[in-house]
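Please look over the sequence and the model shown here before reading on.

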Amino acid sequence: MTPDTNSPNQQNQNIESFLREDRVFPPVEAKELGIPKWHVGSLEEYRTMHARSLEDPDGFWSEIASELDWMRPWDRVLEWKAPDARWFVGARTNVCFNALDRQVRGGHGADTALVWEGEPMPNGKPEVRRYTYQELLDEVSRFANALRNLGAKKGDVVTIYMGMVPELAIALLACARIGAVHSVVFGGFSSQAIVDRVVDSSSRIIVTQDGGWRRGNVVPLKENVDSACATLSDTGRDVNKVIVLRRCNNSTSWHEGRDYYWRDIVDVSSSHCPAEPMEAEDPLFLLYTSGSTGKPKGVIHTTAGYMVWTYFTARTTFNLIPDANQMYWCTADIGWITGHSYILYGILPNRVPTLMYEGAPDAPSEDRFWDIVERHQVTHFYTAPTAIRSFMKWGNEHVHAHDLSSLQVLGTVGEPINPEAWSWYHRMIGRGRCPIVDTWWQTETGGHMITPLPGATPTKPGSCTLPMIGVHAAVVDATTLEDLPKGTGGLLVIKKPWPGMLRGVQGDRDRFVRTYFDNPHGYYVPGDGARFDEDGYVWIMGRVDDVINVSGHRIGTMEVESALVSHPAVVEAAVVAMPHEIKGTGISAFVTLEPEYVENLGMNAKSLGAALRQHVRGEIGSFAKPDAIRFAESLPKTRSGKIMRRLLRDIAAGNQDISQDTTTLEDYRVLAKLREAEEV
Ligand code: WT7
């Protein structure tokens with residue numbers, strides 16, 4: 001593959017530095033970390049399980065699934081006709097039942113299920129709430145009944161736009177309980193993003209809160225919902241019900257007959273609500289994620305396969321063990337797949353308490369996470385490389401101020417972790433002993449696909465190591481789809497179905513097939529480049545499409561470009577990835593302007609840059625704001641009019657010489673000018 005189709009430039013540079021990374025960290029004894037046992041205790045055991053899972057998927061997954069509760073058993077484990085997988089065909093179950101009722105019925109109703117900590121620290125003390133399985137079951141059942149009373153039925157899509165409060169978890173589980181399909185919109189998204197998702201999913205109910213805490217400020221969640229509803233109403237797509245949780249007590253407007261306070265409807269609802277028996281392939285949720293072209297895709301996950309996959313991967317990757325004093329903390333927001341799978345759905349059925357934190361890592365100070373780890377005796381800590389790079393920058397004193405000896409297993413997810421950050425994490429947070437699981441997966445895969453197992457896999461900083469049990473991963477040539485030899489970079493594919501795979505894209509069958517299965521073998525194509533090393537370890541080389549992974553969040557360059565172009569000053573925009581110290585990858589935008597804006601640009605470049613960032617924030621959300629903007633007279637194009645992004649990537653990265661072929665460039669002078677353009 002040429003580097004151009006393989007991955008953005010700066011990611012190839014990461015590969016260079018990874019190549020020089022040859023340290024190997026063998027797993028440590030479980031008892032050295034105070035853990036009763038490793039579920040998978042050696043590389044040989046992993047290899048045996050992995051081989052069996054691929055040779056006899058029916059037998060393997062039957063055994064795993066039998067550990068959970070079913071209202072009707074399956075007739076067949078798998079029906080596969082690419083790209084359509086049906087897992088546990090004929091079975092009925094309920095994901096919420098397996099998360100909560102199962103534990104209560106097993107005599108563990110009084111055990112801790114969820115620990116929540118709020119961001120504000122009134123009088124220096126955090127607000128902490130604990131829910132046992134019984135308490136959580138009662139709250140979930142009440143809210144489930146409240147949803148039903150407002151007209152929500154099995155199959156209806158309920159949009160959830162909240163901050164990280166316990167009621168967010170309760171709302172998801174309540175939907176699962178009655179068979180409503182949740183569609184969580186991350187609380188950092190704009191009201192326009194709510195509109196797009198509500199329209200695409202034909203949702204009529206929104207669950208939100210007055211405001212959410214973020215670094216001491218109030219995020220106006222209800223206000224954003226109100227403006228989304230106004231836009232929706234203008235186009236005849238009325239939202240019928242808005243449920244509002246009070247959290248910040250900020251004032252909000254009220255729409256009688258449409259808006260309901262959470263407490264008002266929950267307090268009058270019964271806590272008796274039997275879990276709805278769901279067909280194995282009934283949808284559980286939609287979650288929107290960026291693609292390279294067009295609007296975000298609503299990824300569909302269904303009931304039984306997703307449940308089994310998240311249960312199994314959570315247990316295996318994190319070595320979860322009930323009654324072993326574990327306290328599991330994933331720092332992601334439930335608005336992303338990481339939170340769906342590894343705050344809630346994968347953790348609760350494993351009967352290990354899951355911790356949720358409402359706010360920012362530096363509120364009120366930069367040691368907040370370590371303070372939480374120490375106070376709650378966290379044993380499992382799962383975060384993103386971008387967060388780790390921030391901790392490094394903030395300084396070791398914040399770490400030293402706390403006792404982190406409770407930690408047993410560390411995890412990362414979202415983007416490749418650079419060896420420097422890996423080493424710091426290992427040394428400073430893991431005391432040089434805790435295994436690090438670098439988990440590669442996607443919204444579409446439902447759960448971990450390539451990851452070390454903490455008791456089995458020797459780790460190499462920067463590699464997500466070996467395929468998960470049940471995953472048949474390969475690196476192939478992008479055109480021939482033939483397996484490539486070890487050491488050669490190519491397209492990562494998954495050759496066989498797995499229980500947690502997406503089942504479709506909401507309302508767009510064609511896009512589902514085209515994006516992920518556009519090959520005659522029925523391979524799943526995730527859109528990442530990768531290579532195997534001599535030990536069969538996977539090294540992810542980044543996206544091969546026009547998707548930028550910023551701080552572990554996928555952002556389509558197209559989406560940011562459309563947002564920029566919708567500003568009156570902008571004629572044309574091109575967005576590419578650039579290296580960023582903390583985020584790993586940042587967003588760089590090249591923008592051409594309407595003539596009247598060009599005239600006074602000299603004086604106003606900075607303020608126009610700020611206005612454009614603000615605009616993108618309003619269209620998509622804060623995390624999609626360009627880190628660098630350059631105003632240009634024109635963009636480098638081929639003779640056929642295609643923007644030459646690779647040249648822009650070079651400029652964005654500050655590369656002095658253009659290393660790339662420019663023979664197809666229409667006007668060479670454009671480049672020189674672009675290079676002179678100041679970054680604002
Ligand atoms: C993309 C998926 C899975 C939850 C978070 C992101 C990148 C994810 C890793 C990793 C290297 C990674 C890939 C993937 N990615 N984890 N451990 N090492 N890259 O979910 O928004 O669906 O993004 O994130 O490029 O395709 P997502």
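Proline 364 is located in the loop that runs between strand 17 (354-357) and helix 13 (368-376). In this predicted model, the peptide bond joining alanine 363 and proline 364 is cis, with omega at about -5 degrees. A cis peptide bond also leads from alanine 82 to proline 83, where omega is near 5 degrees. Proline 83 belongs to the loop between strand 1 (76-81) and strand 2 (84-89).

Threonine 465 is not a glycine, yet its phi is positive, at about 65 degrees. The residue sits in the loop between strand 20 (436-439) and strand 21 (473-476). As background, most residues other than glycine have a negative phi, and most peptide bonds are trans.

## Helix 5 against helix 6

Helix 5 (residues 95-108) packs on helix 6 (residues 133-149) at an angle of about 135 degrees, and the two axes are 9 Å apart. Because of this angle, helix 5 is oblique to helix 6. Their crossing is left-handed.

On the side of helix 5, the contact is made by Cys96, Ala99, Leu100, Asp101, Gln103, Val104 and His108. Helix 6 contributes Tyr133, Gln134, Leu136, Leu137 and Val140. Sorted by class, this contact of helix 5 with helix 6 has eight nonpolar, three polar and one charged residues.

## Helix 6 against helix 7

Helix 6 also packs on helix 7 (residues 166-178): their axes come within 8 Å and cross at roughly 65 degrees. Helix 6 is therefore roughly perpendicular to helix 7. The crossing of helix 6 and helix 7 is right-handed, whereas that of helix 5 and helix 6 is left-handed.

In this contact, helix 6 supplies Leu136, Leu137, Glu139, Val140, Ser141, Phe143, Ala144, Leu147 and Arg148. The partners in helix 7 are Ile170, Ala171, Leu173, Ala174, Cys175, Arg177 and Ile178. By class, the contact of helix 6 with helix 7 has twelve nonpolar, one polar and three charged residues. Leu136, Leu137 and Val140 of helix 6 take part in the contact with helix 5 and also in the contact with helix 7.

## Helix 14 against helix 16

Ile388, Arg389, Phe391 and Met392 of helix 14 meet Glu420, Ala421, Trp424 and Tyr425 of helix 16. The contact of helix 14 with helix 16 has six nonpolar, no polar and two charged residues.

## Surroundings of the ligand

Which of the 18 residues around the ligand come nearest? They are Asp438, Thr439, Thr443, Asp528 and Arg554.

Aspartate 438 has a polar side-chain atom 2.7 Å from a nitrogen atom of the ligand. For threonine 439, a polar backbone atom is 2.8 Å from a nitrogen atom of the ligand. Asparagine 549 places a polar side-chain atom 2.9 Å from an oxygen atom of the ligand.

Note on methods:
Residues are numbered from 1 along each chain as its sequence is written. This is a predicted model: local features need pLDDT of at least 70, side-chain atom pairs count only at pLDDT 80 or more; totals for chains, interfaces and linings use all residues. Side-chain values use heavy atoms; hydrogens and water are left out. Axes are lines fitted to C-alpha atoms, for helices over the stretch in contact, and angles run from 0 to 180 degrees between N-to-C directions. Helices (H or I, at least four residues) and strands (E, at least two) are DSSP runs, numbered from the N terminus. Angles under 35 degrees count as roughly parallel, over 145 as roughly antiparallel, 65 to 115 as roughly perpendicular and the rest as oblique. A crossing is left-handed if the near helix is turned anticlockwise from the far one by less than a right angle, and right-handed if clockwise. Contact means heavy atoms within 4.5 Å. Ala, Val, Leu, Ile, Met, Phe, Trp, Tyr, Cys and Pro count as nonpolar, Asp, Glu, Lys and Arg as charged, and the others, Gly among them, as polar. A residue is near a molecule or strand if one of its heavy atoms lies within 4 Å of it. A polar contact is a pair of N or O atoms within 3.5 Å; within protein, one must be able to donate a hydrogen and the other to accept it, and residues adjacent in sequence count only if both atoms are side-chain atoms.
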